[in-house]
Amino acid sequence: MLPDSLFRLRSIYRDGLLNDTLPFWLPRAVDPEHGGYFTSLDRDGTILQTDKAIWFQGRFAWVLATLFRTVEPRVEWLEAARHGIEFLQAHGFDQDGRMFFAVTRDGRPLRKRRYVYSECFATMALAAYGLAARQPQTIQQAIDLFRLVLRYHRAPGLLEPKTIPATRPTKGLAMTMTLIVTAQELRKALADPELTTDPVGATASRGATEPAAADQARAAAEPGEAWLNAVIDEAIDEIERDFLKREFRCVLETVGPSGEFYDTFDGRLTCPGHAIEAGWFILEEARQRGADSRLLRLGTTIIDWSLEQGWDPVYGGMLYFRDARGLPSAEYWHDMKFWWPHNESLIATLLAWRMTGQARYARWHQQIHDWAYARFPDPVHGEWFGYLHRDGTLSTRLKGNMWKGPFHLPRMQWRCWQLLEQILKETARCVTP
């Protein structure tokens with residue numbers, strides 16, 4: 001990329017975040033009566049329903065606390081983050097320590113899923129808010145909650161399986177990759193010794209249950225950040241060993257317990273956006289470890305294959321689902337264009353370019369950027385539409401629901417802005433005599 005294009009992209013991401021995305025959600029998303037956030041919004045921000053997705057209470061609180069800490073300590077950002085944190089603490093947890101997926105406006109439970117995604121995003125939010133607000137007790141709750149996540153993820157039978165294990169046992173990519181980013185975010189909080197008094201979660205706090213004996217032993221042997229590094233290593237190794245299939249040049253969504261390939265619709269299913277997101281999580285870990293060459297190769301391989309598989313050669317943009325063998329997909333939305341795979345692809349390609357210097361990632365970034373920015377942003381009311389038909393025309397005008405809200409887009413804008421700031425500083429040092 002030329003310096004002029006770097007400055008232009010930086011302005012697009014920075015100004016889009018600060019002057020478009022955040023003003024769309026704040027203050028209208030904050031519930032002044034019951035706390036927490038509304039995310040089911042029409043094109044103009046009109047509230048379409050008041051039920052609240054618990055994982056978005058965590059997701060948006062994480063965004064706001066992270067911006068407070070890394071961009072500017074704006075009081076309104078921290079105050080808005082507090083709304084999500086306090087709603088989570090008051091209404092997010094069931095009696096068994098797990099979390100709900102959806103609740104009413106005033107916090108009465110509506111739905112609880114057989115996944116622990118709400119718990120993961122709450123962990124990230126608690127860690128980020130505890131770090132921003134300087135609250136050790138909130139970080140401790142994040143530690144305890146993540147230990148509960150690991151217990152439910154690792155212990156067979158604690159969560160209802162997707163298929164009957166005696167017939168066809170399976171495991172999914174999504175949870176494995178989510179463990180990486182959750183541990184990475186929690187590690188940031190543990191890196192501050194002033195805020196972490198119990199780095200291995202020996203004390204149970206609200207929303208967590210006593211960890212299993214094996215996990216207690218692991219924590220005792222691997223205190224603090226080493227514990228989280230071990231979780232990240234385990235998840236990355238599992239992706240490489242079991243989900244990455246070189247014979248198909250893809251990362252599968254579902255495999256058997258030891259990576260077995262099932263020649264079924266579910267077994268052949270790939271989601272290029274998911275794989276790309278996993279790829280940049282791995283690249284970020286490579287960066288954190290001093291440009292670790294093995295992780296760099298793994299992350300870029302996943303991104304390369306997923307871009308190759310996911311890009312629509314007819315209309316452009318990232319297809320939602322593909323079949324590993326190139327057979328027809330059974331998912332009726334397989335050829336739609338969703339906002340979030342494009343957000344994740346923009347982060348992944350920019351990070352890959354920064355870490356490798358290879359021009360193809362700069363070209364991919366520009367190609368995806370141009371396609372997405374020509375179609376997803378709403379020029380009238382701001383923010384992005386979420387769902388397009390294959391040809392890029394609008395499928396629905398809504399800006400948010402229980403699945404789309406203020407997370408993937410602001411995370412992309414913040415991350416790309418910060419990456420470009422770093423690149424521009426490095427470029428300036430290189431040309432300064």
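Buried means under 20% relative accessible area, exposed means over 50%, and partly exposed covers the range in between. The model toured here is predicted.

**Stop 1**

Select Arg134, in the loop between H4 and helix H5 (136-154). Its relative accessible area is 41%, so Arg134 is partly exposed. Check the backbone as well: phi of Arg134 is near 60°, a positive value in a residue other than glycine.

Now select Ala291, in the loop between H10 and helix H11 (293-310). Ala291 is not a glycine, yet its phi is positive, about 60°. Because its relative accessibility is 45%, Ala291 counts as partly exposed. Most residues other than glycine have a negative phi, and most peptide bonds are trans.

**Stop 2: the Leu26-Pro27 bond**

Go to Leu26 and Pro27, which are joined by a cis peptide bond with omega of about 10°. Pro27 belongs to the loop between helix H1 (3-25) and strand S1 (52-53).

**Stop 3: H2 against H4**

Two packed helices are described by the angle between their axes and the distance between the axes. Color helix H2 (residues 54-70) and helix H4 (residues 117-133); their axes cross at roughly 25° and come within 8 Å. Angles under 35 degrees count as roughly parallel, and H2 and H4 are therefore roughly parallel to each other. The crossing of H2 past H4 is left-handed.

To see the contact, show side chains on both helices. On the H2 side, display Ile54, Trp55, Gly58, Arg59, Ala61, Trp62, Ala65, Thr66, Phe68 and Arg69. They meet Tyr117, Ser118, Phe121, Met124, Ala125, Ala128, Tyr129, Leu131 and Ala132 in H4. What is the make-up of this contact by class? The contact of H2 with H4 has 14 nonpolar, three polar and two charged residues.

Stay in H2 and pick Gly58. Gly58 has a relative accessible area of 0% and is therefore buried. Which residues is Gly58 in contact with, leaving aside its neighbours within four places in sequence? They are Leu88, Phe121 and Ala125. For a distance check, draw a line from the C-alpha atom of Gly58 to that of Ser5: the two are separated by 34 Å, and the residues are 53 apart along the chain.

**Stop 4: aromatic rings**

Next, show the rings; the structure holds 29 aromatic pairs. One of them is formed by Phe24 and Trp25, an edge-to-face pair with 5.3 Å centre to centre and 80° between the planes. Both residues can be checked for burial: Phe24 counts as buried at 2% relative accessibility, and Trp25 counts as buried at 0%.

Then select Trp62 and Trp414. Their ring centres are 6.0 Å apart and their planes are at 85°, so this pair is edge-to-face. Trp62 lies in helix H2 and Trp414 in helix H14 (residues 408-431), so the pair ties together parts that are 352 residues apart in sequence. Are these two residues buried or exposed? Trp62 is buried, and so is Trp414.

Trp55, Trp62 and Phe121 were already on display among the residues at the contact of H2 with H4.

**Stop 5: Gln413 in H14**

Move to Gln413, which is also found in helix H14. With a relative accessible area of 2%, Gln413 is buried. Leaving aside its neighbours within four places in sequence, Gln413 is in contact with Tyr13, Gly16, Leu17, Thr21 and Tyr373.

**Stop 6: H10 against H12**

Helix H10 (residues 272-288) packs with helix H12 (residues 339-356) at an angle of about 35°, and their axes are 9 Å apart. H10 passes H12 in a left-handed crossing.

On H10, show Gly273, His274, Ile276, Glu277, Trp280, Leu283, Glu284, Ala286 and Arg287. Their partners in H12 are Trp340, Pro341, Glu344, Ser345, Ile347, Ala348, Leu351, Ala352, Arg354 and Met355. By class, the contact of H10 with H12 has 11 nonpolar, three polar and five charged residues.

Methods:
Residues numbered from 1 in each chain as written. Predicted model: local features only at pLDDT ≥ 70, side-chain atom pairs only at ≥ 80, totals over all residues. Heavy atoms only, no water. Axes fitted to C-alpha atoms, helices over the stretch in contact; angles between N-to-C directions. Helix = DSSP H or I, 4+ residues; strand = E, 2+ residues; numbered from the N terminus. Left-handed = near helix turned anticlockwise from the far one by under 90°. Contact = heavy atoms within 4.5 Å. Nonpolar A, V, L, I, M, F, W, Y, C, P; charged D, E, K, R; others polar. Parallel < 35°, antiparallel > 145°, perpendicular 65-115°, else oblique. Phe/Tyr/Trp six-rings, centres within 6.5 Å; stacked < 30°, edge-to-face > 60°. Buried < 20%, exposed > 50% of the residue type's maximum accessible area, 1.4 Å probe, protein only.
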